[in-house]
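Hello,

Here is the structure I said I would pass on. My notes on it follow below.

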Amino acid sequence: MLVILKRDGEEISLQAAQLIASAIHRKPALVLGLATGGTMVGVYRHLVGLHKQGSLDFSRVVTVNLDEYLGLPAAHSRSFHHFMHEHLFAHVNVATRNIHIPDGTISGNYDQYCASYEDAIRTAGGIDLQLLGIGRNGHIGFNEPTSSLASRTRLKVLSKETLDDNSKFFAPGQESPRCAITMGIGTILEARKVLLLATGTSKAAAVAKSIEGPITSAVSASALQLHPDVTFIIDDAAASQLTQRDYYRRVLEMTALLTPDRLS
Ligand code: PGA
């Protein structure tokens, strides 16, 4: 596990966008796992910038999003379909047929639909690089605390903490969704490379538990300790409860010296 400590969200988004761009340069048909949420806005802004400068081609990239709210149609202003369109897809040349986001409008046959989502990932060749945020409760995707560490794409009931965090994005009186379709922790762990981004003190406890705590279903992101190629990129505030910050800095220096490919 590599922990990259940055000053702020701007530095984090730039570094994440650079890593994604290098991965696409190395493999133009990259299968890219995408996330939504405030932390991702800057990353997508930088990717759009690189595309507009002519240095990043998405024409062969396949994208697979982590999750979507159950009950929200793609056109809903709070759907993750809408988020992705607004922040990335409308501005780059990803082919529509290469975009995969769980369908929030399905009703019934959830298991069958979720199995077909997993099939789509497999058919694409598996996820090369998965981008992740983290919830205050340690969730990745919408894998709320106590999610099985072997879980696959499925219907998930959202936790109280997540409902509270989300309610600010919905107008007063507008009910926020109580469930979501999300890739499972097992699905995420099969990605070849994982990049988790976090900013702010509200994420500090979840980040510390994920990196330095025991592996537990009470903190979904702690399952990433089982993955051979995970990079956390976090700001000083999100890193504030980590006890081994100096060690992570030394690891980073040595990585830059000995295996710089891991950082580009
Ligand atoms: P955020 O969401 O980027 O809006 O903080 C992260 C998450 O809940 O996964």
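By class, the shell around the ligand holds 1 nonpolar, 6 polar and 1 charged residues. In this count, Ala, Val, Leu, Ile, Met, Phe, Trp, Tyr, Cys and Pro are nonpolar, Asp, Glu, Lys and Arg are charged, and the others, Gly among them, are polar. The shell consists of Gly-37, Gly-38, Thr-39, Gly-133, Ile-134, Gly-135, His-139 and Lys-203; a residue is near a molecule if one of its heavy atoms lies within 4 Å of it.

Please note that the model is predicted: local features need pLDDT of at least 70 and side-chain atom pairs pLDDT 80 or more, while totals for chains, interfaces and linings use all residues. Residues are numbered from 1 along each chain as its sequence is written, and side-chain values use heavy atoms, without hydrogens and water.

For Lys-203, a polar side-chain atom lies 2.6 Å from an oxygen atom of the ligand. Taken alone, the ligand exposes 280 Å², and the protein buries 73% of that (areas by the Shrake-Rupley method with a 1.4 Å probe).

Elsewhere, Gln-112 is part of helix H4, residues 110-124 (a helix is a DSSP run, H or I, of at least four residues, numbered from the N terminus). Gln-112 and Arg-154 are 42 residues apart in sequence, and their C-alpha atoms are 9.5 Å apart in space.

Regards

How values were computed:
A polar contact is a pair of N or O atoms within 3.5 Å; within protein, one must be able to donate a hydrogen and the other to accept it, and residues adjacent in sequence count only if both atoms are side-chain atoms. Helices (H or I, at least four residues) and strands (E, at least two) are DSSP runs, numbered from the N terminus.
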